[in-house]
Number of protein chains: 4
Amino acid sequence: MKNSLITVGVVGGTGYTGVELLRLLAQHPQVTLKTITSRKEAGLPVADLFPNLRGYVDLSFSAPQDAHLDECDVVFFATPNGIAMEESRALVATGVRIIDLAADFRIQDVALWEKWYGMSHACPELVKEAVYGLPEINRSAIAGARVLANPGCYPTAVQLGFLPLLEAGVVDVAHLIADAKSGVSGAGRKAEVGALFAEAGDNFKAYGVSGHRHHPEISQGLSLVAGNPVGLTFVPHLAPMIRGIYATLYATLTRDVDLQSLFEARYAKEPFVDVMPSGSHPDTRSVRASNVCRIAVHRPQGGNTVVVLCVIDNLVKGAAGQAVHNMNLMFGLPETTGLTQVPVLP
Amino acid sequence: MKNSLITVGVVGGTGYTGVELLRLLAQHPQVTLKTITSRKEAGLPVADLFPNLRGYVDLSFSAPQDAHLDECDVVFFATPNGIAMEESRALVATGVRIIDLAADFRIQDVALWEKWYGMSHACPELVKEAVYGLPEINRSAIAGARVLANPGCYPTAVQLGFLPLLEAGVVDVAHLIADAKSGVSGAGRKAEVGALFAEAGDNFKAYGVSGHRHHPEISQGLSLVAGNPVGLTFVPHLAPMIRGIYATLYATLTRDVDLQSLFEARYAKEPFVDVMPSGSHPDTRSVRASNVCRIAVHRPQGGNTVVVLCVIDNLVKGAAGQAVHNMNLMFGLPETTGLTQVPVLP
Amino acid sequence: MKNSLITVGVVGGTGYTGVELLRLLAQHPQVTLKTITSRKEAGLPVADLFPNLRGYVDLSFSAPQDAHLDECDVVFFATPNGIAMEESRALVATGVRIIDLAADFRIQDVALWEKWYGMSHACPELVKEAVYGLPEINRSAIAGARVLANPGCYPTAVQLGFLPLLEAGVVDVAHLIADAKSGVSGAGRKAEVGALFAEAGDNFKAYGVSGHRHHPEISQGLSLVAGNPVGLTFVPHLAPMIRGIYATLYATLTRDVDLQSLFEARYAKEPFVDVMPSGSHPDTRSVRASNVCRIAVHRPQGGNTVVVLCVIDNLVKGAAGQAVHNMNLMFGLPETTGLTQVPVLP
Amino acid sequence: MKNSLITVGVVGGTGYTGVELLRLLAQHPQVTLKTITSRKEAGLPVADLFPNLRGYVDLSFSAPQDAHLDECDVVFFATPNGIAMEESRALVATGVRIIDLAADFRIQDVALWEKWYGMSHACPELVKEAVYGLPEINRSAIAGARVLANPGCYPTAVQLGFLPLLEAGVVDVAHLIADAKSGVSGAGRKAEVGALFAEAGDNFKAYGVSGHRHHPEISQGLSLVAGNPVGLTFVPHLAPMIRGIYATLYATLTRDVDLQSLFEARYAKEPFVDVMPSGSHPDTRSVRASNVCRIAVHRPQGGNTVVVLCVIDNLVKGAAGQAVHNMNLMFGLPETTGLTQVPVLP
């Protein structure tokens with residue numbers, strides 16, 4: 001029944017970004033979902049794994065070799081790191097466009113990537129042409145991308161929060177602090193003890209303080225905007241909730257500025273960034289299951305420390321929703337197509 | 001931009017069924033949301049109370065006297081019990097149709113209602129003509145209703161689970177057991193100690209074992225179907241989750257029957273009831289934020305006890321979604337209009 | 001500093017029953033904790049795995065061959081099913097007494113055990129002499145046990161709830177229903193997708209409706225008490241909380257009886273069973289981290305269905321606490337020694 | 001049976017710090033709990049309100065006028081702010097010692113207190129002599145206190161985390177950042193919409209960014225230690241857990257120092273502060289229901305930003321446990337008396 005424009009394939013799709021991507025694509029008016037691959041689950045109806053999709057996704061998982069991905073207009077990789085880089089070259093050669101929700105194409109410095117991700121990069125030449133898919137910065141480049149590196153969840157929230165300050169040059173970029181909190185779905189649908197309900201529930205903890213893979217991605221993005229290498233302290237935390245990222249950002253002002261106006265002006269035309277009224281405290285549930293990022297900016301006691309509060313749904317604006325947004329841009333659709341779901345509260 | 005057919009007013013709307021109703025109406029393609037009243041919050045932008053609605057609902061709460069509800073095609077009451085019965089008579093007289101999400105018109109026996117709800121009924125004559133809005137039973141009557149009594153959350157789940165068994169006459173109706181579990185949003189957005197996070201979190205409890213207001217509503221519905229008064233033991237429980245009702249139903253088979261076929265046949269044409277494959281265990285998240293009811297039927301060890309597992313989202317199929325479904329029926333729209341959101345998982 | 005009477009070894013101890021057992025033993029005034037074995041974690045300080053034990057348990061995990069378990073007075077097996085049966089014969093031969101927190105010695109019918117647990121039993125002769133460690137039934141036998149089968153969590157709650165009714169012979173034993181809900185720690189500290197926070201959180205589901213390993217254990221216990229095979233429908237559910245079992249039990253009364261008095265009399269002398277006042281609704285948090293079982297008994301609307309509400313902490317009264325209670329009985333200590341912690345609320 | 005030394009009264013005691021205080025006092029070997037007052041609940045058995053105390057606390061709430069508090073050795077105020085200051089003068093005059101778990105005596109600058117707490121102080125002269133009950137700083141003064149101001153939960157965690165850095169003079173005190181996260185029990189057992197399960201559950205948010213009552217308390221403490229007014233940015237957050245405070249602290253090093261040694265040396269003799277090994281990430285559950293504070297110190301990428309991670313149970317070390325610790329000091333008992341409970345994990 002759909003007036004289909006875009007034929008879509010999904011590689012992977014058994015994790016949380018996968019099911020969320022399928023939820024969004026199933027409701028997207030301009031998409032035909034052609035195939036979903038999973039080596040492990042080949043043959044299994046997708047809706048058997050994810051019963052929320054019963055009646056919405058009729059496909060079964062295909063073995064990769066049977067998937068005919070080269071017949072798709074675009075292929076999303078909702079895979080662990082290291083898969084997309086193996087398979088993208090051949091697909092791109094046949095004219096398929098790639099949106100990688102993993103990290104394979106996010107870091108321009110391949111050596112740095114290899115250090116943090118612990119593997120050799122299989123496809124450095126595509127890294128070079130890959131476009132970093134943060135629409136609020138890269139909109140025009142995204143439109144023409146053949147290989148789209150969809151940003152990480154923390155990097156999306158942290159960059160969107162710091163962006164207006166760095167662009168305006170009003171803070172000390174040598175001492176940026178990002179205290180970020182993530183829901184447990186950010187750890188993926190992997191059987192790991194640390195993500196068990198009885199471990200992560202009714203509990204709170206920092207992790208990766210000495211170093212986290214999203215640190216170089218965030219630093220790369222912020223440094224590009226600042227025009228100089230930034231000094232960033234990034235402390236991620238695991239919060240006992242399913243979805244959501246809460247980034248509390250701290251920077252020292254170097255000159256006086258009307259922060260509220262600065263943020264409102266910067267994001268006035270952005271369909272998915274909501275600058276809240278002065279004095280607001282966004283909460284993660286206000287963006288649950290939607291592609292919105294909400295931001296509030298504070299200057300406690302009128303001092304020279306600026307505090308930015310920034311929330312996203314890690315699986316939507318931090319992953320699958322942003323990927324669909326990028327697809328819309330790449331195929332010339334209105335940006336919000338298929339992404340207008342109202343957040344679910346409570 | 002909408003091709004508007006239905007002008008809608010909402011009375012109340014500051015609670016959880018209210019915000020959920022607004023979420024659904026804001027996305028409904030055939031609705032113009034004209035007014036939302038709240039005596040207490042008059043003047044406050046709705047999106048200030050419920051930030052998930054920012055950009056979707058531009059209205060402010062109106063004082064009831066300024067709301068011009070009589071200019072609406074339909075008015076939803078998302079109010080505490082006892083409000084709709086006061087205001088419906090006048091509205092109905094002007095031709096407005098009423099959908100009451102509270103309990104005022106659910107019980108045909110007014111004396112029984114007055115006993116359980118602890119007040120005199122202000123409008124018994126409308127009780128008589130009110131239609132009980134469980135579409136799976138009352139579809140045709142709903143279409144013509146002027147006053148629609150939207151079912152309670154527990155009653156929706158319990159009735160849908162027992163219905164095929166009672167219609168087929170295959171169980172002992174004198175000994176039905178409904179062990180039901182509800183998320184805490186079922187208690188409403190009221191400041192009560194028992195619903196605090198630190199009370200209801202990481203905790204589980206039964207309540208109202210000696211008697212719960214939904215007991216007479218369920219009994220009324222089941223007895224109508226059975227053609228005889230049923231004997232029902234109903235034990236509600238509070239589970240530490242936000243949304244969802246899980247009804248585990250027990251009955252004794254009086255003759256042999258293919259239960260799976262019975263349930264599948266009964267609900268084959270129902271757009272919002274999903275009978276899962278034999279052996280399934282539905283979970284509440286598989287219907288989160290959607291209007292779907294999922295059911296599985298079991299016969300443990302092949303004995304004569306049938307166990308029905310039935311899940312709904314208490315705020316959607318158990319309240320606002322069912323109300324919109326009823327509105328669709330009342331105004332001749334396709335039943336699923338505005339109700340096709342994919343459940344949100346995880 | 002302790003006036004030590006009992007030298008204790010623990011086999012396993014890396015799971016939730018293990019850490020809970022260590023918590024209780026570390027505070028027990030009559031215990032010297034001599035050794036904790038774990039093949040996988042040998043060499044690791046116990047407190048590195050479980051930081052709550054820092055300062056309370058100084059041991060490291062030992063490899064089994066280095067553990068000198070034969071020098072202990074009692075060895076607890078906090079292992080997966082199938083380990084204790086392999087190692088108990090040799091230990092018992094040296095005079096060590098065994099408390100198995102797993103299921104190896106719980107079912108007297110070895111063939112039935114083998115069917116449900118999917119392995120051959122390595123030590124049937126010890127099954128015969130093993131004592132089922134539910135103190136409220138087996139107190140005197142426990143005192144002399146060489147091999148103690150510590151009951152499962154569901155079986156503890158369900159048996160304690162039904163016990164007074166069956167002993168008094170006042171219900172129809174052919175149609176008992178146990179609707180039980182467990183916190184996620186009941187699934188153990190195992191890396192399994194179904195127990196992830198993002199799967200089990202904000203969610204509710206039944207499981208194992210067609211059959212659960214605790215069914216034969218419960219049936220065995222209830223049948224012994226009833227003097228006849230009982231007919232039991234047992235439906236376990238997974239609730240989004242860490243600890244706690246909530247058993248809602250249903251039976252049909254066959255004659256009139258003062259239920260409150262019956263329950264109070266039965267448990268008047270039991271230190272760990274608290275019969276709450278008539279009309280009460282126990283909640284799981286009221287027993288959190290303690291060895292107490294709380295019970296309330298209801299007869300809704302004065303009908304012939306009796307509803308028993310029974311709560312325990314699955315890791316304490318349902319596992320480690322009951323094991324320590326049994327140890328106290330086996331070594332002639334006052335029963336409540338080391339088990340007087342006040343439940344933690346909220 | 002207790003060899004009783006201290007006769008204790010509790011004013012208030014219907015909130016979470018109250019029930020926690022009762023849990024600890026009921027297990028304290030040197031305490032006789034004489035009376036608990038509550039104007040609202042007078043006559044109600046304490047254990048009816050808090051069923052975890054069944055069998056441990058036999059008292060009923062007394063009306064204040066019937067409580068004979070002047071016969072106590074010490075009276076704990078587990079009341080809202082503003083009560084202790086009204087009642088302390090008379091009690092102190094009779095020789096009763098006071099431990100106030102609220103904020104009445106925490107701030108030495110009465111005008112500042114009045115600004116933040118929105119009332120006139122009823123008893124400024126006792127503020128002057130009141131001792132701030134952070135034992136790690138004030139041990140000797142506490143011993144002689146007649147009026148003890150028990151610290152707030154956030155202030156305890158933030159001060160203990162910054163203390164070694166400030167005492168050693170190794171950080172820029174003009175730019176301290178405390179990003180703190182609290183469980184919902186920190187909001188108290190008050191019926192407020194924001195603390196409902198359906199509001200605070202599966203959600204995360206900052207609050208009070210422009211100013212929080214604990215800010216002046218923390219600043220006062222840190223400034224005393226630093227010998228100079230400090231510049232503190234304090235951002236509290238509400239996390240979806242019941243108990244626990246997680247303070248992530250940031251400061252800029254002004255000279256090189258072995259941070260791990262600094263912290264270990266500072267707290268070597270403190271019974272309730274556990275400096276974890278280098279590289280650790282404490283979690284809140286590792287201190288659940290215990291009086292321990294765990295701290296880890298990091299220097300990410302060897303830069304000049306120090307990150308301190310500090311966890312406490314807000315109801316124990318952040319309230320009732322610290323109060324009992326202070327009582328032990330005031331009455332010459334071993335400090336850990338009654339406070340040796342192993343944290344409850346999971």
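## Report on chains A, B and C

A compact globule of 346 residues would have a radius of gyration near 20 Å, and chain A, with 20 Å, agrees with that expectation. The model described here is predicted.

**Chain A**

The secondary structure of chain A consists of 11 helices and 14 strands. Taken along the principal axes, a box of roughly 60 × 45 × 40 Å is filled by the C-alpha atoms of chain A. Of its 346 residues, 61% count as buried.

**The contact between chain C and chain A**

Where chain C meets chain A, 15 residues of chain C are in contact with 15 residues of chain A. On the chain C side, helix H8 (residues 197-200) gives the most, with three residues. The residues of chain C that form this side divide into 10 nonpolar, two polar and three charged.

**Chain C and chain B**

How are chains C and B related? A rotation of 180° with 0.0 Å of shift along its axis superposes chain C on chain B, with an RMSD of 0.0 Å. This is therefore the relation of a two-fold axis. The same surface serves both copies, since 100% of the contact residues of chain C recur in chain B. Of the residues of chain C, C:Pro240 comes closest to the rotation axis, its C-alpha lying at 3.0 Å.

**Two helices within chain C**

Within chain C, the axes of helix H7 (residues 153-168) and helix H11 (residues 316-330) come within 8 Å and cross at roughly 100°. An angle from 65 to 115 degrees counts as roughly perpendicular, and H7(C) and H11(C) therefore stand roughly perpendicular to each other. The residues that make the contact are set out by helix below.

| Helix of chain C | Contact residues |
|---|---|
| H7(C) | C:Cys153, C:Thr156, C:Ala157 |
| H11(C) | C:Lys317, C:Gly318, C:Ala319, C:Gln322 |

By class, the contact of H7(C) with H11(C) comprises three nonpolar, three polar and one charged residues.

Methods. Residues are numbered from 1 along each chain as its sequence is written. Chains are lettered from A and ligands numbered from 1 in the order in which they are written. This is a predicted model: local features need pLDDT of at least 70, side-chain atom pairs count only at pLDDT 80 or more; totals for chains, interfaces and linings use all residues. Two residues are in contact if their C-beta atoms, placed from the backbone, lie within 7 Å. Helices (H or I, at least four residues) and strands (E, at least two) are DSSP runs, numbered from the N terminus. Ala, Val, Leu, Ile, Met, Phe, Trp, Tyr, Cys and Pro count as nonpolar, Asp, Glu, Lys and Arg as charged, and the others, Gly among them, as polar. Copies are superposed by least squares on the C-alpha atoms of residues with pLDDT of at least 70 in both. Axes are lines fitted to C-alpha atoms, for helices over the stretch in contact, and angles run from 0 to 180 degrees between N-to-C directions. Angles under 35 degrees count as roughly parallel, over 145 as roughly antiparallel, 65 to 115 as roughly perpendicular and the rest as oblique. The radius of gyration is taken over C-alpha atoms; the globule rule is 2.2 Å times the number of residues to the power 0.38. A residue is buried if 20 or more other C-beta atoms lie within 10 Å of its own, exposed if 12 or fewer, and partly exposed in between; C-beta atoms are placed from the backbone.
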